[in-house]
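This report is meant for a reader new to the structure. Please look over the sequence and the model before reading on.

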Amino acid sequence: MTGVPLFARGLSVGHGGASLFPSFDLAFHSGELVCLLGRNGAGKTTLLKTLAGLMPPLRGSVFFGENPISDLSGRERAQRAALSLADPGLPPYLLGRELVGLGRTPHAPWFASARETDDAVASRILKELECEHLADRPLGRMSDGERQRLGLARALAQDAPILLLDEPLSHLDPPAKAKMLGFLRDWARSVSGRVVVAAVHEVDLALCFADRCLLLSSGASPFFGTPEEAALGPLRTAFPGWPEYWDALGVRKGRIRVEGSGTVDAAGG
Amino acid sequence: MTKNPLLFPLLLLAVVSAFFLDVAFGSVSLGAREVWQGLFGGGDPTALSNVILREFRLPRAVAALVAGAGLGVAGFLLQTQFRSPLAGPAELGVSSGAGLGVAALLLAEPLLPPALLDALGPWPLAAASALGAGAAMLLVLAIAARVWDSASLLLAGLMIASACGAAIGLMQYFTDAARLKVYSLWGFGGLGGVTWPQNAVMAACVGVGLVAALALSRPLYATLLGDSAAAALGVRVRAFRVTVLLIASLLAGAITAFCGPIAFVGLAVPHLARALVRRSDPRVLQPACMLVGAALLLLCDAISHAPGPGGEGGALPLNAITSLFGAPAVLYFLLRRSGRSS
């Protein structure tokens, strides 16, 4: 499986021995943005933590390139995959610059005092994300959206080719959400070997921006395919009440279409 | 870097000044010249002022220096690992655990061969105290895995302290009067009784603890983000936490063995240091904790021996002075915290 930065074989995930889905295979391709969709409690965070190596899989194994992650040390894993969690409960006195610089942890030797390098990387990434004004502000005096951007900046500072993000958009305003997904898609494409897996609730944006969607619904086999394929049916299986939701928004057959390899009626017949 | 490049030189200056002050103050006030001569040679080595300096003042001041630096870092380690701004060696029952270790050693002493005790010098006391501290710390850790708010954790620490107190009381019942007196004096806490050999053992333990804490600065920094995020950055969180708490036990245990329980220094110093440095990076904050802790304890000790209105040097209990600074500081942090959350 050369050229596949992240894949899983016979994977079964869950807490305390209870598997959330029938075991499945996954292969994430170089350069793609994958949106992880599913209802609350469907297992998005559990899957992300398992892919990052924070939780052992119940069965099967996860591979970074050719290496099963069980063979990698925590530090090696952190150099290959960066995970940003939704609500880490950060200390309010931590400065923006410090949070982002902490992403350098797996690259810095434990003993060395490389504060200048940390700060330089933090400044570069804050600039890329247009967050320079947050560098010297404590996290306690930031909005949720600002903290969320810095959480992503922290993961980017880790400089790992695999980026696993748990709800990176939830606190952003609508245009910023679209901009962020666009940024992530470009980030994944810009260097060979990169892949972004982002758990999001913004299904509409996911259908527009993602290269592929991974749909989770507990008990069923996950669906992994293009947004067009997802919109055709699996979306409605994964989210009971989805047609009613689109009805409530006034989405009717033919009014909203998903453009892709073919044109597909999003609301279905 | 810190915002102020002069901060560390100034802190160092504060430590040196507090050291001189601590050496100068006492039941016999010494002038600047006598202190200078005593420290750097010159003058008559048999002069009373020189003997006082060598045998009483210097050991006390060195003990304050070492204990202050060690307690400051021990408090910092506890506060980061329990994610509670109100954690400190005394508050989590760790000092009481050390006290239990000391009491157990005093009780067991008549049963041990005197030759062995003589040969080991101050080491058994340090070991018993550090073991007691470590046991209390692991108990707090086990409780902390189940309760996650810092108020419950502090209550648990209080309960551990009470339980240790009760156990110590029972042990004292079986002890003779002389040993009881030794323990009671120890229990007040103070730096006056620390001898040179004890200082050497304490400095060795604290030195090892401080170097280990500094060496672990990087993963320590990552654990500020919480367990999951730290694990995602490659830190083996559980093993790391136990390591850090063992270092804190060594620091707090060795210091408590010879100085007795010292209140509030471990709790207040990390907050003071953070207010001065304005960064959370342990690579900057831990050295700051050492300097602030040393300066603070030297100053408290100097005040406890400061000349009173009649010119005579007093001998106030050290813990009265540290509590005078510490208790309002804790109240301030409590009020500021609840003010932020409401």
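## Basis of the model

The model is predicted: local features need pLDDT of at least 70 and side-chain atom pairs count only at pLDDT 80 or more, while totals for chains, interfaces and linings use all residues. Residues are numbered from 1 along each chain as its sequence is written, and chains are lettered from A and ligands numbered from 1 in the order in which they are written.

## Chain A

Chain A contains ten helices and twelve strands, taken as DSSP runs numbered from the N terminus (helices H or I, at least four residues; strands E, at least two). Of its 269 residues, 43% are buried, that is, with 20 or more other C-beta atoms, placed from the backbone, within 10 Å of their own.

## Nonpolar core

The largest nonpolar core comprises 188 residues, and A:L164 and B:L298 have the most contacts inside it. Such a core is a set of buried Ala, Val, Leu, Ile, Met, Phe, Trp, Tyr and Cys residues joined through C-beta atoms within 7 Å.

Leaving aside residues up to four places away in sequence, B:L298 touches B:V15, B:A18, B:F19, B:D22, B:A61, B:A64, B:L65 and B:G68; contact requires C-beta atoms, placed from the backbone, within 7 Å.

## A helix pair in chain B

In chain B, helix α6 (residues 123-144) packs against helix α12 (residues 237-259) at an angle of about 135 degrees, with axes 7 Å apart. The axes are lines fitted to C-alpha atoms over the stretch in contact, and angles run from 0 to 180 degrees between N-to-C directions.

Conventions. A residue is buried if 20 or more other C-beta atoms lie within 10 Å of its own, exposed if 12 or fewer, and partly exposed in between; C-beta atoms are placed from the backbone. Two residues are in contact if their C-beta atoms, placed from the backbone, lie within 7 Å.
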